[in-house]
Amino acid sequence: MLAKLPAAAKSPNNQWRPPPGPYRVYMSMPCDDGHKLDFWRSLLDLQAAALRGATPHHFRLKATPGDSLVPRARNNHMWDFYFNTADDWFCSTDSDLDFRAVDWFQMFDAPDPIMAGKYAIKQAEMRWCINTIPGHEMDPKTMKQNVAAAGTGILAVHRHVIGTMIAAAAKWKAWPVRYIADGTEEEQFDLFHNGVVHDPNWFPHSPRYLSEDWGFCYMARKLGFAVVLNHRFIALHEGSAKYPLQARRLSREEEMAGVIQQPDGSVSPIA
């Protein structure tokens, strides 16, 4: 958590809400660390569930194999989404996550302009890949929480938000948003900015180095959009281990019975 970090800037964008679905979803999958086996299983489960009619939404899957610069991959996919499709949602999921299809589907039941899911940082101590805002707690009814920034590993952004960010490029002072891409020489936009930003009125210490997820959330929130964390969406983060440490998926039998089978043979109720 960062002390004194403000909520989203006041703007008409505070009140904007996505129109009702069904939606067309562009699923961006940068692959800097290679695909993990459980990621493929998750992706195949999502595909199979969608084909069974488990969701009214249409998912388009887009991978970028071999691009080691993740901010560039995300910006390239965002440009492709906005200028080459009519899809409603730009969604990002990383190839080292183990997720459930149903968690992606339920994100769109009552959507916010920017939505994120939870996954743990790859470290021994338990820590979610989010930055909270003082005074903004989870709503126990909706399981949602306004946050300062969330990881791009599980992120859903409506087309309207991206259009607003692109339209603001000419007046944006924190970094040059518009640039000309190498090779194609096409106009592109650095929304997933990875670099230094100086804003002492916004950050408790400044200048501040921002990763691309922080850069995106910072720009969106300065334009008045809230970043909403959905606590129902929890993915496992895979490195040499799965994080959180000691975590595992419950079996169908455990979910139905409402208990957890412990290694010593005892059972514990699901909290």
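Predicted model: local features only at pLDDT ≥ 70, side-chain atom pairs only at ≥ 80, totals over all residues.
Let's start with helix H4, residues 159–167, which is mostly covered: seven of its nine residues are buried. Buried here means under 20% relative accessible area, exposed means over 50%, and partly exposed is in between, using a 1.4 Å probe and protein chains only.

Residues are numbered from 1 along each chain as its sequence is written, and side-chain values use heavy atoms, with hydrogens and water left out.

Back to H4. The buried residues are Arg159, Val161, Ile162, Gly163, Thr164, Met165 and Ile166. What do they pack against? Their partners are H2, strand S3 (89–93), S5, S8, strand S10 (187–189) and helix H5 (212–222). When I say that residues are in contact, I mean heavy atoms within 4.5 Å.

Let's take H2 from that list. Two packed helices are described by the angle between their axes and the distance between the axes. For H2 (residues 70–84) and H4, the angle is about 105° and the axes are 11 Å apart. Those axes are lines fitted to C-alpha atoms, for helices over the stretch in contact, and angles run from 0 to 180 degrees between N-to-C directions. H2 and H4 are therefore roughly perpendicular to each other. The cut-offs are these: under 35 degrees is roughly parallel, over 145 roughly antiparallel, 65 to 115 roughly perpendicular, and the rest oblique.

Which residues meet there? From H2 we have Met78, Phe81, Tyr82 and Phe83, and from H4 we have Arg159, Ile162, Gly163 and Ile166. By class, this contact of H2 with H4 has six nonpolar residues, one polar and one charged. For those classes, Ala, Val, Leu, Ile, Met, Phe, Trp, Tyr, Cys and Pro count as nonpolar, Asp, Glu, Lys and Arg as charged, and the others, Gly among them, as polar.

While we are in H2, have a look at histidine 77, which is found in this helix. Is histidine 77 buried or exposed? At 3% relative accessibility, it counts as buried. Leaving aside neighbours within four places in sequence, histidine 77 is in contact with Tyr26, Ser28, Met29, Lys62, Ala63, Thr64 and Phe90.

Now to strand S5, residues 114–119. Six of its six residues are buried, so S5 is largely enclosed by the rest of the structure. S5 pairs with strand S8 (residues 154–158) in the antiparallel sense, over three bridges. Two strands pair if DSSP finds at least two bridges between them. Methionine 115 has alanine 156 in S8 as its bridge partner. S5 also pairs with strand S13 (residues 227–238), in the parallel sense and over four bridges. There, tyrosine 119 is the bridge partner of alanine 235.

Next, the nonpolar core. That is a set of buried Ala, Val, Leu, Ile, Met, Phe, Trp, Tyr and Cys residues joined through side-chain atoms within 4.5 Å. The largest one has 40 residues, and Ile114, Leu191 and Phe216 touch the most other members. H2, S5, strand S7 (144–150), S8, H4, H5 and S13 each give two or more residues to this core. Its largest share, six residues, comes from H5. Leucine 191 touches, among others, Asn75, Met78, Ile162 and Trp175, not counting residues up to four places away in sequence. There is also a second, separate core of 25 residues, which includes Leu43, Leu46, Trp89 and Cys129.

To finish, some backbone details. A cis peptide bond joins glycine 21 and proline 22, with omega about 10°, and another joins serine 206 and proline 207, with omega about 5°. Proline 22 sits in the segment before strand S1 (24–31), and proline 207 in the loop between strand S11 (195–197) and strand S12 (208–210). Methionine 143 has a positive phi of about 60° although it is not a glycine, and methionine 143 is partly exposed, with a relative accessible area of 25%. Glutamate 185 also has a positive phi, near 55°, and glutamate 185 is exposed at 63% relative accessible area.
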